Amino acid sequence: MHNIDPISKLYYILFAIIIPIILPSFIVSVICVALSVLLLLAAKVIRKTLPVYSFVFLVLITVIVIQGLFRPGNETILFHLGPFAMHKEGLLFALTIVLRVTNIVSAFMLLVLTTKPSDLVESLVRRGMSPRIGYVIVSVFQIIPEMMSTMSTIMDAQRSRGMETEGKLLVRMKAFIPLLAPVVLGSLINTKERAMALEVRGFNSRNPKTYLNEEKTYSYSKWIQVAMLLVTIFAVAWRVFL
Amino acid sequence: MIKVSNLSFSYSPAGPSVLSDINLEFDRRTTAIIGQNGAGKSTFVKLLKGLLKTDQGEIFIGDYEVKMKTAAELARQIGLVFQNPDDQIFKRTVLDEAMFGLLNIKIGKSTAERLAVEALEMVGLEDKLAVNPHDLSLSEKKLLCIASVMAMDTDIVIFDEPTIGQDHAGMEIIRRIIQELKKKNKLVMTIIHDMDFVAENFDRTIVFNNGKVLLDGETREVFSQKEVLMEANVEPPGVTQLAERVGLKNTILTVEEFVQECGK
């Protein structure tokens, strides 16, 4: 899974979103979710998905409860939750939402967890995305860990001069706020320097850009993309003619 | 003053050990810690300062074990000047920056201001009290960081690469500060790559290599062991090498010594 073309994975996200829209039946949605989960399993990244899934489900549970209790058009009572009644229509509607969200989240995770951001951006730039935008995306991924490490160095420096940063939550909060200024200021100063460094190396040059890495040849890219296209066409046909 | 015994450390439990089995004792001699990048010097200093916690072994400063205290509590005993001033500076004026540590250790405002101004006078920034530290030059920023640690009047002062980016005048100020601290009977330690500066200013030198102490002793004695130094990729000061090449028997540390020796 890690060796599949990032572009194919992008198409897969599109595919996983479109198919349940074309064929809005439970079974199709379930199949899509199952497919993504299987692929995540095959890529051995399922462990990393757990925190994301648990967060998403936390939100979805509220959707289920609210829809089940209060959706307009609720008629058939299934069971009672204390003084409130759960309705079949609401629950079914909530189920479609749950499936859709899980589906989209799974497809995105398949891309995010199995692709280095720089690979993805490079593939996109090769396919005609502006290198400028590519740089912006890549740098966001770089800046976050950088800011984290600056943050901890600055924190160390302040601790060295007697600022208490360990212990109770309140102490930590108090310590955190004054640190923001140097971190943000520091990254702004960095940005200026970085811009100059880029300019010196011809970032704005109009010549076509070359690439540091050789283009990776991904196996099966064509087949995967064609297969997905065929399934999509088939789905449309199914929807239109049957 | 500081006693380190059987100290080992690694950043992650499974990772390679950054320091292994360090046993050192520090007295009040000025001490330089040298060695290649990645030899574990900075890590060692951070452990002394309580910014990192020891895995194995003990560090005692006076009667206290470092592990038992937070870095903030240690701030009264031990001061550390960071290598990059931008990591340390975060107040709006030079005076506030120098007072920051003093206020943290609960020193009254007027006293703190007096001590801060004194420290700033030592580094020659007394006429820039109201300036924003970010408008200072790199070398001035470093001096400000030194002043803000000096103001706290700790028994132990550690400098991380104080001489980087300093012009001659800046070096002279740092030299004077080290002598001043020595006179006040404080322990001055520094991590440094400038061997000339080590030879001229430090009584004791410790060479780190791959997380171990390779050499430890009087600076003159350390710089006389050329082969061992080579193992740590450390080059003796230029004048020391010159003296050896021209065949002088004693290990020479400064230009003055060289001139004297040749004049005999």
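Where is the place of Asp21(B)? In this predicted model, Asp21(B) sits in strand β2 of chain B. Although Asp21(B) is not a glycine, its phi is positive, at about 55°. Asp21(B) counts as partly exposed because 14 other C-beta atoms lie within 10 Å, and a residue is exposed at 12 or fewer and buried at 20 or more.

Strands of a sheet pair through backbone hydrogen bonds, either parallel or antiparallel. Here 4 strands of chain B make an open sheet with the order β2-β1-β4-β5, and the pairing is antiparallel. At the edges stand β2 (19-26) and β5 (64-65) of chain B, each of which pairs on one side only. Strand β1 (residues 2-9) of chain B is joined to strand β4 (residues 56-61) of chain B by 5 bridges in the antiparallel sense. Within this pairing, Ser5(B) has Glu58(B) of β4(B) opposite it. Helix α1 (residues 41-48) of chain B packs on the sheet, where it touches β1, β2 and β4 of chain B. The direction of this helix makes about 125° with that of β1(B).

Further along chain B comes helix α7 (residues 168-183), which has 16 residues. At 1.5 Å a residue, helix α7 of chain B should span 22 Å, and its end C-alpha atoms are 23 Å apart, so the two values agree. The buried residues of α7(B) are Gly170(B), Ile173(B), Ile174(B), Ile177(B), Ile178(B) and Leu181(B). Because these residues cover an arc of only 135° around the axis, they fall on the same side of α7(B). What do the buried residues of α7(B) pack against? Their partners in chain B are α5 (109-123), α6 (138-150), β7 (156-160), β8 (187-191) and α8 (195-201). On the face of α7(B) turned away from the buried side are the exposed residues His168(B), Ala169(B), Glu172(B) and Lys183(B). Just after α7(B), Asn185(B) adopts a positive phi of about 65°.

Two of the elements that α7(B) packs against, α5 and α6 of chain B, are also the ends of a loop that holds Gly124(B). Gly124(B) is partly exposed, because it has 15 other C-beta atoms within 10 Å. In sequence Gly124(B) and Leu144(B) are 20 residues apart, while their C-alpha atoms are 9.2 Å apart in space.

Now to chain A. Its domain assignment gives domain 1 (6-115) and domain 2 (123-200). The C-alpha centres of domain 1 and domain 2 of chain A are 35 Å apart.

In which loop of chain A is Lys44(A) found? Lys44(A) belongs to the loop between α2 (26-42) and α3 (46-70) of chain A. Its phi is near 60°, a positive value in a residue other than glycine. Lys44(A) is exposed, because 12 other C-beta atoms lie within 10 Å.

Thr96(A) is part of helix α4 (residues 88-114) of chain A. With 15 C-beta neighbours inside 10 Å, Thr96(A) is therefore classed as partly exposed. Along the chain Thr96(A) is 51 residues from Val45(A), and the C-alpha atoms of these two residues are separated by 26 Å.

Notes
Residues are numbered from 1 along each chain as its sequence is written. Chains are lettered from A and ligands numbered from 1 in the order in which they are written. This is a predicted model: local features need pLDDT of at least 70, side-chain atom pairs count only at pLDDT 80 or more; totals for chains, interfaces and linings use all residues. Domain bounds come from an automatic or database domain assignment. The expected span of a helix is 1.5 Å times one less than its number of residues. The arc is that of the directions from the helix axis to the C-beta atoms. Two residues are in contact if their C-beta atoms, placed from the backbone, lie within 7 Å. Two strands pair if DSSP finds at least two bridges between them. Axes are lines fitted to C-alpha atoms, for helices over the stretch in contact, and angles run from 0 to 180 degrees between N-to-C directions.
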